[in-house]
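Subject: A structure for you to explore

Hi there,

Here is the structure I promised to pass on to you. Have a look around first, then read my notes below.

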Amino acid sequence: MTAVLEARNLAKTYETGGAKVLALRGVDLSIKRGEFVAIMGPSGCGKSTLLNLLAGFDRPTAGEVWLGGERIDELSETELARLRRRKIGFVFQFFNLLPTLTAVENVELPLLLVGQRRRKARTSANALLSDLGIPDKHAVAPAELSGGQQQRVALARALANTPEIVLADEPTGNLDSAAARDVLGLLRQARDLGQTLLLVTHDASVASAADRVITLRDGLVANETALVAARQVTPLLELEGAQ
Amino acid sequence: MKELFLALLSGQRAHGYELKRSLEQEFGSLLPALNAGQIYTTLARLERDGLVVGEAVPGDSRGKRVYRLTEAGRALLAEWIETPASSRGLKDEFFMKFVIASSSGLAAPETLIERQRREYLQTLRDLNAVLEANGKGPAAELLVEGAILHLKADLEWLELIEQRLALREEAP
């Protein structure tokens, strides 16, 4: 299988007040088509820096980023913006929906930006919203939706252009536990339909939704764990003295 | 198990089958299936220890017995209720395995940690699937959420062990 997204010996150094901070110290990462990978680590481990580099929001000090067979860390801002619109879907902790647009307008926006016709875009956006459990409320503003519903809309927007990869940054960080489970379920559903996903989180329980969990520590990959489908858990309690 | 029986008998007398049914109602599929033998063995022990008294039901030819709490049983139950449950604390099979296997060279410490991390992460995934299936009621949900919190702490602890190990290797 070919790698959709690849980081090669990626490093990033920040200078703050004369002091050098080594945020990333040589990270190698390869995400294959159809994979659902989680990057986990405490705050300060470098996971946000890594995500910003992978998405082309920031430039590495050393190393390379490849997306869909194309080296992207040397592209111009204009080229990067264009590439992100076509090839990357984003899901953020605080949803980042445009508040003045309705739910369906948020979802169709990426389609219109790549030149799709209005009517076709609207049809796809409505279908996506329904697939993600928003059967109605397509015409309401994000503010009228619950957090869980807003994140569903955000996920629909991320999936709209059938991107090479969806980057999800703490997508459940602002949700209650039931809504968080729903959103993780939908990410897995997208994976089952062939979507490649990269999830970034500090929470091991959230990370365990992915098929491969990579832990970052001090700007380096500390370890990597492959998981299998959920095993059956029964019974949960044991009675002492009953055998 | 015996305290659960005492608690179920505190309100009203009951026979073995009713106790089994009450436990199933409270805990549902959280508990392994109880068989009649376990119920009656436990009741016989409780009666032997003077914590319950069983009386034959008049006119019942099958020898069915109804149990009630004695004063001693009530006192033991009160003590159980008043005493906080002790934490799982220092009981940890992984840790013992880790120490012994590392010091005797049976396995590399890193390998043991890696395997254990996979097991904890996989269990997190298993438990989240239980919550998603959501067919076990609010008691199960709380129990599973508690187990998830413990697993997250266990994973952090593995990180800590790994970091200490790295420090030890760097030291001259």
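Glu55(B) is partly exposed, with 31% relative accessible area. In this predicted model, Glu55(B) forms a salt bridge with Arg13(B), and their closest N and O atoms are 3.2 Å apart. Arg13(B) sits in the loop between helix H1 (2-9) and strand E1 (14-15) of chain B, while Glu55(B) belongs to strand E2 (residues 52-56), so the pair ties together parts that are 42 residues apart in sequence. Arg13(B) is also partly exposed, because its relative accessibility is 46%.

Now try another pair in chain B: are Arg117(B) and Glu162(B) buried or exposed? Both are buried. Their side chains meet in a salt bridge at 2.9 Å, N to O. This pair, too, links distant parts of the chain: Arg117(B) is in helix H6 (residues 109-133) and Glu162(B) is in helix H7 (residues 137-170), 45 residues apart.

In chain A, you can look for a network of salt bridges that links Glu6(A), Arg8(A), Glu64(A), Arg71(A), Asp73(A) and Glu74(A). Within it, Arg8(A) and Glu6(A) have their closest N and O atoms 3.3 Å apart. Arg8(A) counts as partly exposed at 33% relative accessibility, and Glu6(A) does as well at 22%. Over all chains, the count comes to 30 salt bridges.

Next, the place where the chains meet. Here 32 residues of chain A are in contact with 36 residues of chain B. Together the two chains bury about 3000 Å², 55% of it on carbon and sulfur atoms. There are 8 salt bridges across this interface, including one between Arg181(A) and Glu141(B), whose closest N and O atoms are 3.9 Å apart. Which element gives the most to the side of chain A that touches chain B? The answer is H6(A), with 4 residues.

The side chain of Thr196(A) reaches the backbone nitrogen of Gly34(A) at 2.8 Å. Thr196(A) and Phe36(A) are 160 residues apart along the chain, yet their C-alpha atoms are separated by 5.9 Å.

Last, go back to chain B and find Ile100(B) in helix H5 (residues 93-103). Ile100(B) counts as exposed, because its relative accessibility is 52%. With Phe95(B) and Val99(B), Ile100(B) makes a nonpolar surface patch of about 260 Å².

Enjoy exploring!

How values were computed:
Residues are numbered from 1 along each chain as its sequence is written. Chains are lettered from A and ligands numbered from 1 in the order in which they are written. This is a predicted model: local features need pLDDT of at least 70, side-chain atom pairs count only at pLDDT 80 or more; totals for chains, interfaces and linings use all residues. Side-chain values use heavy atoms; hydrogens and water are left out. Patches are made of residues with over 30% relative accessible area and no salt bridge: like charges are joined within 9 Å, nonpolar side chains (Val, Leu, Ile, Met, Phe, Trp, Tyr) within 5 Å. Accessible areas come from the Shrake-Rupley method with a 1.4 Å probe; for residues, only the protein chains shown count as cover. A salt bridge is a side-chain nitrogen of Lys or Arg within 4 Å of a carboxyl oxygen of Asp or Glu. Helices (H or I, at least four residues) and strands (E, at least two) are DSSP runs, numbered from the N terminus. Buried means under 20% relative accessible area, exposed over 50%, partly exposed in between (1.4 Å probe, protein chains only). Contact means heavy atoms within 4.5 Å. Buried area is the accessible area (1.4 Å probe) that two parts lose on being put together, summed over both. A polar contact is a pair of N or O atoms within 3.5 Å; within protein, one must be able to donate a hydrogen and the other to accept it, and residues adjacent in sequence count only if both atoms are side-chain atoms.
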